[in-house]
Structures are given as structure tokens and as C-alpha cells.
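Here is a short report for someone meeting this structure for the first time. Look over the sequence and the model, then read on.

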Amino acid sequence: MSDELDREMFRFILEVGAKTINAALLINGGAATATLALMPTAIEHGYLIGFAIAGLMIFAVGVLSAVASFAMTYLAQSRFYHRPSGSTAGDNLRTSAIYFTAISCAMFFTGCIAWAVSIALRSGA
């Protein structure tokens, strides 16, 4: 019974991790796409374009962090599969995946702040 419960819990953790990484990728990718779509309007209305471009770059780093998190998760799972009794390398890769996901989420919020500054400090205002 305990072994079955452990496997079910492990599957649940994998699913939650995958959904978290997907969410980080989607929010940063969507924000980067929206930034590109709104760039002509921002230029036309005199927003500080430097901050908008900074926001775009920050969202791009967020996307790259989410992709790195996917890679670290894959490598960690591969390591755990081949060495189920415990793997320091697998633990390190899993920790890296968690950090990359957290960085990706932080990049989204930082990019939003860059856009807010661009809007607040209009060059023509």
C-alpha cells in the first residue's frame, strides 16, 4: 500500500512540476508576444521605448529560463530513472529546475514593472 501511495505521489509531483513550468513558459511567451504587438503603439504615443524594450528582453530571459527548466527536469528524471537508489546529480538537476522556474516567474514580474515604468514615464508627458 505504501509503495503504491509513493508512486502516486511521485506522479502527482511530476504533473504539478510540468504544469508549473508550462505556466512560466506561457506567461513569459505571451508577454513577449504582446510586447511586440504593442511596440508600434507605444512608439506612436511617446512611451519610453527603452523600458519597453527592456521588458521584452526580460520576458525573453523568462522564456529561456523556462526552457532551461524543462531541460533540467528531463535530465533529472533521466538520472533518477537510471539510478533510483539516489543520485546527487539528479538532486542537483532537480534543484536547478526549481531555480530556473522561479527565475522565469521573477522575470515576468520584472518585465511587467519595466512596462509599467515605460507607461508612467511617458517621454511626452
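## Aromatic pairs

The structure has two aromatic pairs. Rings of Phe, Tyr and Trp (its six-membered ring) pair if their centres lie within 6.5 Å; planes under 30 degrees apart count as stacked, over 60 as edge-to-face and the rest as tilted. The rings of Phe-59 and Phe-108 have centres 6.1 Å apart and planes at 35 degrees, so this pair is tilted. Phe-59 sits in helix α2 and Phe-108 in helix α3, so the pair ties together parts 49 residues apart in sequence. The rings of Phe-108 and Phe-109 have centres 5.5 Å apart and planes at 65 degrees, so that pair is edge-to-face. Phe-59, Phe-108 and Phe-109 form one aromatic cluster.

Are Phe-59 and Phe-109 buried or exposed? Buried means under 20% relative accessible area, exposed over 50%, and partly exposed in between (1.4 Å probe, protein chains only). Phe-59 has 2% relative accessibility, so Phe-59 counts as buried. Phe-109 has 54%, so Phe-109 counts as exposed.

## How the model was read

This is a predicted model: local features need pLDDT of at least 70, side-chain atom pairs count only at pLDDT 80 or more, and totals for chains, interfaces and linings use all residues. Residues are numbered from 1 along each chain as its sequence is written, and side-chain values use heavy atoms, with hydrogens and water left out.

Helices (H or I, at least four residues) and strands (E, at least two) are DSSP runs, numbered from the N terminus. The expected span of a helix is 1.5 Å times one less than its number of residues. Helix α3 covers residues 88-120; its 33 residues should span 48 Å, and its end C-alpha atoms are 48 Å apart, which agrees. Helix α2 has 34 residues and should span 50 Å; its end C-alpha atoms are 50 Å apart, which agrees.

Buried residues of α3 include Gly-90, Leu-93, Phe-108 and Trp-115. Their cover includes α1 (2-44) and α2 (49-82), where contact means heavy atoms within 4.5 Å. Among the buried residues of α2 are Ala-52, Leu-56, Phe-59 and Phe-80. The cover there includes α1 and α3.

Ile-119 lies in helix α3. Its relative accessible area is 44%, so Ile-119 is partly exposed. Ile-119 and Met-39 are 80 residues apart in sequence and 12 Å apart in space, C-alpha to C-alpha.

## Salt bridges

Side chains of opposite charge can pair when their charged atoms come close. How many salt bridges does the structure hold? There are three. A salt bridge is a side-chain nitrogen of Lys or Arg within 4 Å of a carboxyl oxygen of Asp or Glu.

Glu-8 and Arg-11 meet in one, at 3.0 Å, N to O. Both lie in helix α1, three residues apart, about one turn of the helix. Lys-19 forms a salt bridge with Glu-15, with the closest N and O atoms 3.4 Å apart. Lys-19 and Glu-15 are four residues apart in helix α1, so about one helical turn separates them. Lys-19 is exposed at 53%, while Glu-15 is partly exposed at 45%.

Asp-91 pairs with Arg-94 in a salt bridge, the closest N and O atoms being 3.0 Å apart. Both lie in helix α3, three residues apart. Asp-91 is partly exposed at 31%, and Arg-94 is partly exposed at 40%.
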